[in-house]
Amino acid sequence: MTPAAPAYRRLSVEERRSQLLDAALSLFAHRVPEDVSLDDVAEAAGVSRPLVYRYFPGGKQQLYEAALRSAAEELNHCFDEPRQGPLLPRLARALDRYLTFVGRHDAGFSALLQGGSVVETSRTTAIVDGVRRAAAEHIYSHLGITDPGPRLRMTVRMWITAVEAASLIWLDEDKQPPADELRDWLVDQFVAVLTVTSARDAQTAELVRGALSAET
């Protein structure tokens, strides 16, 4: 006797939408948006093109923005580390998750954060900038700062930009050096830029004397 085929289960609206977004993210992870069509998404999800349109009537642009928001949520969670234990190991764990995301999405990371896509709009730019701002807020929280001054804000945002740039170069260099070495180097850079800023900013100087002095 041949085994019975598994019973078909109709997906809920949210389950189907999640399935389509997962398929789109998988494609955007390895190909730039211009090279991904709705037919590609339909094939990857094992559904018809009309079904993709039913959930994303705005077509590829709407699907891309939804996929970008999904990726942004995952990136936001990278820095959502419990505020327990020493600061620098917390930052290292957050970077581990961040670099894992970068490595898993590879070419798509460039499309999502580097920009330059023909489907890029003010909305997609705002989504990406929201990731950077959320990362900064997480870092302020880890530092125990509720009201960062302009120099500290600038320092943290500059470091986040450096992390993005290093990640893009890391992909170009075939993920060399190894991720753990890149992580440790980025943590060292974080300490270094705060130390430099501390010479010109009293708030950062107090932070370096307090939160970082026991760890460096």
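The lining of the largest cavity has nine nonpolar, two charged and no polar residues. Nonpolar covers Ala, Val, Leu, Ile, Met, Phe, Trp, Tyr, Cys and Pro; charged covers Asp, Glu, Lys and Arg; the others, Gly among them, are polar.

This is a predicted model: local features need pLDDT of at least 70, side-chain atom pairs count only at pLDDT 80 or more, and totals for chains, interfaces and linings use all residues. Residues are numbered from 1 along each chain as its sequence is written, and side-chain values use heavy atoms, without hydrogens or water.

What is a cavity here? On a 1 Å grid over the protein atoms alone, a cavity is a set of points where a 1.4 Å probe fits but cannot get out, and lining residues have an atom within 4 Å of a point. The structure holds three of 30 Å³ or more. The largest has about 90 Å³ of space; volume means the space filled by probe spheres set on the points, joined across faces, edges and corners.

Which residues lie nearest its centre? Phe 79, Tyr 98, Ala 135, Ile 160 and Glu 164, out of 11 lining residues. Helix 8 (150–172) and helix 7 each supply at least two. Helix 8 gives the most, four.

Now helix 7. Helices are DSSP runs (H or I, at least four residues), numbered from the N terminus. Helix 7 runs through residues 122–143. Its buried residues (under 20% relative accessible area, 1.4 Å probe, protein chains only) include Ala 135, Ala 136 and Tyr 140. Just after helix 7, Gly 144 takes a positive phi of about 75 degrees.

Terms used:
Expected span 1.5 Å × (residues − 1). Buried < 20%, exposed > 50% of the residue type's maximum accessible area, 1.4 Å probe, protein only. 1 Å grid on protein atoms, 1.4 Å probe; cavity = no way out; pocket = protein on both sides within 12 Å on 5 of 7 lines; lining within 4 Å.
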